[in-house]
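Here is a friendly note to read alongside the model. Please keep the structure open as you go through the points.

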Amino acid sequence: MASGLEMELQYLPKVGPKRAALFKTELGVETVGDLLGIYPFRYIDRSKIHAIGEIRPDQAFVQIRATVLSESVLPGKSGKEGRLSVIVGDGTGEMELVFFKRIKWLGPKLTQGSTFIFFGKPTVFNGRVNMVHPEIDPPDSASSGVMTGVYPSTEKLKNAGVTAKVMNNLMNSALAEALPHLKETLPEYVIHEKGLVPLSFALRQVHFPTDQNALAKALYRLKFEELFLLELSLLKQKFIRSRSDNGIPMPRVGEFFNKCYNALPYSLTGAQKRVIKEIREDLKSGSQMNRLLQGDVGSGKTMVAVLSALIAVGNAYQCCLMAPTEVLANQHYANISRYLAPTGVQAALLTGSTPASQRKKIDSGLRDGSIGIIIGTHALIEDTVVFRNLGLAIIDEQHRFGVDQRARLWSKRTDGRLPHVLVMTATPIPRTLAMTLYGDLDVSVIDEMPPGRKPVQTICIGENKRLAMYNFLRDEIAKGRQAFIVYPLIFESEKMDYQNLQNGYEQIVSRFPLPDYKVAIVHGQQTTEVKNFNMDAFAAGRADILVSTTVIEVGVDVPNASVMVIESSERFGLSQLHQLRGRVGRGSEKSYCILMRGEKISKESRKRLELMCATEDGFALAEEDMKMRGPGDLEGTQQSGLPIDLKAASLARDSRIVAESRDYATRVLEADPSLSSQRNELLATALQGSKYIQKDYSKIS
Ligand code: ADP
Ligand code: MG
């Protein structure tokens, strides 16, 4: 039988096969080590005594040392037990304690003048703070009190008798089993250089902290270890790749780049210039480029894509640009063709609805190399698409493309060399986080907007202002403008959401009737033809209002649209709202974003919508989003290929430790890139664990 961390959970005292099975299905816990890897999500601090005068009702739990001033029993209705009301005081204030049960026993115990420690959750009743059924302990028991961990649980576990107290006891037995066998997992020198506490101390303290200070040290150790190993595994790939010569050298800038550049109707922003320079360096380096280009909506990523593509073409390679939707691919094709006009480079568009005859021409153009730039959707990565000489793949809006799809692009060459990859995203992710989420990618940021972009005025209103909103739309439409109206579409409530969208559409049509108004609708259940038809009608100005789901979230450019109305806006994430808002404010007119909110929204939601009205800084909004919802909610996180599930650390909240562990991992790898030295043995072993093994996509063919 395995012992220590490897011991099966069922052999721990008070567990047995039945509970063990439940722990497996409910929490994925199979061994003692798994159990100890579940950390408390908060602690009840019983080392502190609160002053009654300073207690606020929003505190989770408080502990007071107070003397009974008076007590009274209030009778219940028709023979039922009543309640016991006890007024206690501690010199800073008074508080009522209320008991509904065990009154006969408690009454005589809580005599006037006696002092106790009371521990419970403050609530507000009749405008005053009180506590219902606090725990009662002798007045001198607090000093021996410790912080108690509170663990995630499930309904089934609770029903099986795994209460908070049982969980604490199990953790105690698990520690007793594990600690004697425990081996340190980090090399001695790392522990020393980073000033970390030993693993055994960290594990004990994270489950049973003696005080805040020890807990902080324990958490730091556990978080650092997780992030350090994560960064090591990501950076190791990158170190290996950057030393290899499997890329395609593109030494020239080329004539096409210069022709396009000289014909630009505006000058590039400083940020665009900087990013193009970074890309240019990558392209001529000889190793494969894997770069993430971040830039807020409207920051001018398309121009960067075009100029990068022209470097590839100028070096006699082909370039493909993939967009997440057909609508977007069409739009890119139209825009890019304009930029290409002065260069003579031939571009083509390939999507699911390209007719067969056209498709044939494109196939031969790609094979003989006469098509320099191909723009399209997922259709581009199908095996039937064969290039003569693909040198650069550009992917717009990363979050719709997984790592596997990126890898399929790499197989478009048969000589073993890898096309360069540029991934563009408008999802603003803090830099350290981006470096980790997209571990193997280098990151470039366009952090400057082209001049002349007008701020979008954002307001948040309730149902009572709906008619005023309609009037406002009429005014804008009368001025020749157009409006978006967006409805949420959430996977879990899809059926109802479609119902709401349909109802909303009908309401709009009746409020904005033909022939004065034309309303189009676009959503995911339409066929591609219908969708494109409606979208094109709006883009070309034949419809005044476009009612839709978030399908228009990415990229669509309709400069004449000046109003974005978002229904049930509290149901969207801030980053998503920001993306939607970016659809307006692209033309020369003043633009508006109107957030419609439901009647009963939480304080939290209200705060988020206020922030939305107050700022247009995508990074600030993304950061706030992450704090509230965790980075797991960021689209693309799942596809990012992050090799581990973080237990102690959070990429959003622990950004300082993320940066620190990344720096340290870089130093370790610079000294020993393959981690083969004696002193890094533990690290090499840890990275061999299955969770850190990444697929080597460069080998896929
Ligand atoms: P993104 O894809 O990053 O959201 P786009 O590439 O669509 O942004 O650019 C948004 C708009 O800004 C486009 O109309 C584009 O022509 C314009 N634009 C891009 N770069 C500049 C610049 N340097 N100066 C002025 N306008 C620019
Ligand atoms: Mg774009």
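1. Helix H18 covers residues 528-539, 12 residues in all. Helices (H or I, at least four residues) and strands (E, at least two) are DSSP runs, numbered from the N terminus.

2. A word on conventions: this is a predicted model, in which local features need pLDDT of at least 70 and side-chain atom pairs count only at pLDDT 80 or more, while totals for chains, interfaces and linings use all residues. Residues are numbered from 1 along each chain as its sequence is written, chains are lettered from A and ligands numbered from 1 in the order in which they are written, and side-chain values use heavy atoms, leaving out hydrogens and water.

3. Which residues of H18 are buried? They are Asn532, Asn534, Met535, Ala537 and Phe538. Buried means under 20% relative accessible area, exposed over 50%, and partly exposed in between (1.4 Å probe, protein chains only). Their cover includes helix H12 (326-340) and the strands E18 (482-486), E19 (519-522), E20 (545-548) and E21 (561-566). Just after H18, Gly541 has a positive phi of about 85°.

4. Now turn to ligand 1, which 15 residues surround (a heavy atom within 4 Å); Ser267, Gln272, Gly298, Lys301 and Thr302 are the closest. From a polar side-chain atom of Gln272 to a nitrogen atom of the ligand is 2.9 Å. For Thr302, a polar side-chain atom lies 2.7 Å from an oxygen atom of ligand 1, and for Tyr339 the distance to an oxygen atom is 3.3 Å. Taken alone, ligand 1 exposes 570 Å², and the protein buries 77% of that (Shrake-Rupley method, 1.4 Å probe).

5. Some backbone details deserve a look. Most residues other than glycine have a negative phi, and most peptide bonds are trans. Leu514 and Pro515 are joined by a cis peptide bond, with omega about 0°; Pro515 sits in the loop between helix H17 (494-511) and E19.

6. Ser568 is not a glycine, yet its phi is positive, about 45°. Ser568 belongs to the loop between E21 and helix H19 (574-581) and is partly exposed, with a relative accessible area of 26%. Leu675 also has a positive phi, near 55°, in the loop between helix H22 (655-671) and helix H23 (681-688). Is Leu675 buried or exposed? Leu675 is buried, at a relative accessible area of 3%.

Notes
The expected span of a helix is 1.5 Å times one less than its number of residues. Contact means heavy atoms within 4.5 Å. A polar contact is a pair of N or O atoms within 3.5 Å; within protein, one must be able to donate a hydrogen and the other to accept it, and residues adjacent in sequence count only if both atoms are side-chain atoms.
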